[in-house]
Amino acid sequence: MTAHGASRAPALGAAVEAFLQWYYRHQPVTATFIGVHEADHRLPDFAEAATEQALSAVDSLLRQFRSLPDEPRTDTEALDGTVAQGALDVLRWELQSDHFHRGNPCVYTSEAIFGVLALFLRPFAPLAQRAEAARARLLAIPDFLAQGRRNVRRAPSAWTERAIRECRGALAFLERGLGQLMRDEHLHDPRLLDAAAAAAAAFRRHRVYLETELLKQSHHGYACGADALDLLLRRGHFLDMDAADVEAMAEDALQRALEARRSAARVLGAASWQEAMTWVEDRHPPVERYYARYTQVWEEARAVALAHRLVSWPDYPLRFVPQPAWAREAAPDLYFLSYRAPAAFDTIPVVDYLVNPVEPDMPPDEQRRRLRAANESAIKLNHVVHHAGLGHHVQNWYAYHRTASRIGQIAAADCASRIALFCGGTMAEGWACYATDLMEEVGFFDPLDRLALAHTRVRMAARAAVDVRLHTGRWSIADAVACYRDQAGMAPEAARAEAVRNSLFPGTALMYLVGNELIHRLRRQLAGQPGFDLCRFHDRFLSYGSLPVSLISRAMTDQPPLPG
């Protein structure tokens, strides 16, 4: 499963293992998504006493790292020690920040419902075993949501509104979706339905609290603050640039992307990029060939990547299947991903990519709306290259099967509302964006695709700028929405959803652009060396797993490692 060999640094290895085992206990839902199943029956504990214990554990683990003996270390062992200490610094901040369990109502709604969904999204164990764990988590939901009501007495209104939507999605699953799942899977367990009814009652009570009490106690504290953002850049992403540098990078990338979008529209003969984007949306497969088109494009993309020796593409089976019927009502209100990174430690022969359904019996207007959203360019750029192919899927395989890094193996697993560890972001999202650039380089995209790609790059750059300006307190949510609406060309509702998500998770919106730029920078730096081979470069780069791109760059250019 892993590329671990004999440790040259047993004390360091023990410290990394202690960190991971504590983290799995502290975040049992995250552990389920990673493929660690000892606590599949539990939800997190965010009571004040448990939080104090967690802070004490963080400090104890940091002391363990900082008192390590001087022992020989492989490059990967040194990286794991550095990244683990950075992750602990970030987790200490999160445990005390209002962006997480102390002041964010979404923490409770997302962990509660995805604690259950995580057990049904992939068949990592017999269904009856997973159902028993789900029943235990369902029975824990009333106390967990009550804990949220005790802990979160004031919150930004947009976060509360998002939590209300997550309650709606949770109720759709608990009241109707779970029954559909049980019928589809021939699961007969009245105790599971009873537990779901108790959980649904708890979500209804919680929604009333959110709507009638918490919304009245709203504030505008969306920014994490310049000091916290600096911590995330230094100890999470391990960047040698500060927030001002990231903002300058974002502004430069934004101006270049805006011009590229205008140029791509001119090539198509459109009067404006907006007109040209309607052509992109109008080019979509017919209903009868919709599902098959995903597989066809995936096969074409893989053949092109192999023909150009972009990477040693692994045998990692993936199939495109319609989103299950039991999830369809709940999914729009939840963080329900089409491609969810496979668990590092689960052995599942085929990964399912859950395609947004378009069915023959849907009303024609709804069919057209969905097909325009899943147009040919969206299928090619986003669903296939970025997620299901050269981007996330290939990177995940390397993280699970080729890295010697304990942390790089698990950091980018998709969990209840974000990836497992903040430090995995620049690799996971940076590589997926870079993969799209690679496929453009080898001519896989036509003029409409290139317009869609330019449009995507505008959004990527805008996200990085918003991230910095929002979390340093210089922009409001309204300012962020205006940027997405006026420059990125997003519809008002989508622009607001994007801005709110950016506010919830500081330092994450910028990792797409920063990660992508750092990978290009590393490639340019190494490309002039004798014997440079693009495929070998990519294979080696990916073999580090989901670690910060900045640290991988230092290792690949023989720079001394950063101190822990």
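Setting aside neighbours within four places in sequence, L510 contacts L233, H237, V246, A464, D467 and V468 (contact: heavy atoms within 4.5 Å). The model is predicted: local features need pLDDT of at least 70, side-chain atom pairs count only at pLDDT 80 or more, and totals for chains, interfaces and linings use all residues. Residues are numbered from 1 along each chain as its sequence is written, and side-chain values use heavy atoms, leaving out hydrogens and water.

L510 sits in the loop between α20 (492-504) and α21 (511-527). Helices are DSSP runs of H or I with at least four residues, numbered from the N terminus. The relative accessible area of L510 is 0%, so the residue is buried (under 20% relative accessible area, 1.4 Å probe, protein chains only). V246 is 264 residues from L510 in sequence, yet the two C-alpha atoms are 7.9 Å apart in space.

Helix α6 covers residues 127-151, 25 residues in total. At 1.5 Å a residue, α6 should span 36 Å, and its end C-alpha atoms are 34 Å apart, which agrees (expected span: 1.5 Å times one less than the number of residues). A kink of about 40 degrees occurs at I141 in α6, shortly before P142. The bend is the angle between axes fitted to the seven residues ending at a residue and the seven starting there.

Four cavities of 30 Å³ or more are present. A cavity is a set of points on a 1 Å grid over the protein atoms alone where a 1.4 Å probe fits but cannot get out; lining residues have an atom within 4 Å of a point. Points are joined across faces, edges and corners, and the volume is the space filled by probe spheres set on them.

The largest cavity has a volume of about 340 Å³. Of its 25 lining residues, Q27, F100, V107, E111 and R418 are closest to the centre. Two or more lining residues come from each of α1 (10-26), α4 (75-96), α5 (106-117) and α7 (157-184). The largest share, four residues, belongs to α5. By class, the lining has 13 nonpolar, seven polar and five charged residues (nonpolar: Ala, Val, Leu, Ile, Met, Phe, Trp, Tyr, Cys and Pro; charged: Asp, Glu, Lys and Arg; polar: the others, Gly among them).

The second largest cavity has a volume of about 90 Å³. Its lining holds 13 residues, with V90, L91, E94, L421 and F422 nearest the centre. Here α4 and α9 (226-236) are the elements that give two or more residues. The largest share, five residues, comes from α4.

Conventions: Buried means under 20% relative accessible area, exposed over 50%, partly exposed in between (1.4 Å probe, protein chains only). On a 1 Å grid over the protein atoms alone, a cavity is a set of points where a 1.4 Å probe fits but cannot get out, and a pocket is an open set with protein on both sides within 12 Å along at least five of seven lines; lining residues have an atom within 4 Å of a point.
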